[in-house]
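Me: I have a structure open and want to go through it with you. Can we start with the charged pairs and then move on to the domains?

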Amino acid sequence: MTNRYPAAVLWDMDGTLIDSEPIWDVAVTDFAARHGLTVTPELREATLGNSLPDAMAKVYDAAGIGPGDRDTAADERWLIDHAGGLFQAGLPWRPGAQEALDAVAGAGIAMVLVTNTVRELTEVALASIGRSRFSATVCGDEVPIGKPSPFPYLRAVDLLGYAAYSCLVVEDSPTGAASSAAAGCPSLIVPSAVPVDAAPGRVFRESLVGLGVEELAQAWRDALVDG
């Protein structure tokens, strides 16, 4: 291997850079309540890191609402508006995330934000995270199917013009880890709300605190070897 650093770092957003998973918990819980459903721990875990259509479909299924009885467009609009209000109330950083972004940017390594969150809500988050940090952003409503499909990360590497293996993904959820693996990207997993299973091409870290460019580069090399 001749390259010392990954060509780019592809960052997940919710649960990785910002502590927005509790906000999504509130939004999904309130959405379920609109349909007479109490969210169980199993349903909560099943919707973690999902695209908006996938999360809504799982709530519909759990509530016993058949396809013909779903007002998907109106419910999606309600959920986006509700989550947007929660986002605007404040999006705290995950520990060490801001410093890690600054370190990668300072080294001149390209970064892409790759999220299942729709563009409208991502723009709200980017006002806090910093839009200028990223070479590009890929949102859940800009790909045919969101994570855990490979499409979000495949779009990211295509926008950059790099091979998937040359980029390092940073993720926190099983859904995101599966998407990264399906796209052929090595990944650094920093679990947040639920555990992520070990698998080839994945390395793990408890937190982003203290994560500098050298640690990211080592994680990328280790994940390549492991994969």
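Me: What do the side chains of Lys 147 and Asp 12 do?
Reply: The side chains of Lys 147 and Asp 12 meet in a salt bridge, 2.9 Å from N to O. A salt bridge here is a side-chain nitrogen of Lys or Arg within 4 Å of a carboxyl oxygen of Asp or Glu. This is a predicted model, where local features need pLDDT of at least 70 and side-chain atom pairs count only at pLDDT 80 or more, while totals for chains, interfaces and linings use all residues. Residues are numbered from 1 along each chain as its sequence is written, and side-chain values use heavy atoms, with hydrogens and water left out.

Me: Is Lys 147 buried or exposed?
Reply: Lys 147 counts as buried, at 2% relative accessibility. Asp 12 is buried too, at 6%. Buried means under 20% relative accessible area, exposed over 50%, and partly exposed in between (1.4 Å probe, protein chains only).

Me: How many salt bridges are there by this rule?
Reply: The count comes to 13. One of them pairs Arg 34 with Asp 75, at 3.5 Å from N to O. Arg 34 lies in helix 1 and Asp 75 in helix 4, so this pair ties together parts that are 41 residues apart in sequence. Arg 34 is partly exposed at 44%, whereas Asp 75 is buried at 5%.

Me: Switching to domains. Which residues belong to each?
Reply: Domain 1 covers 8–19 + 92–226, and domain 2 covers 21–89. These bounds come from an automatic or database domain assignment.

Me: How many salt bridges are counted between domain 1 and domain 2?
Reply: One. The side chains of Glu 120 and Arg 77 meet in a salt bridge, 2.8 Å from N to O.

Me: What else does Arg 77 form a salt bridge with?
Reply: Asp 81, with the closest N and O atoms 2.7 Å apart. Both residues are in helix 4, and being four residues apart they are separated by about one helical turn. Arg 77 is partly exposed, with a relative accessible area of 36%.

Definitions and conventions
Helix = DSSP H or I, 4+ residues; strand = E, 2+ residues; numbered from the N terminus.
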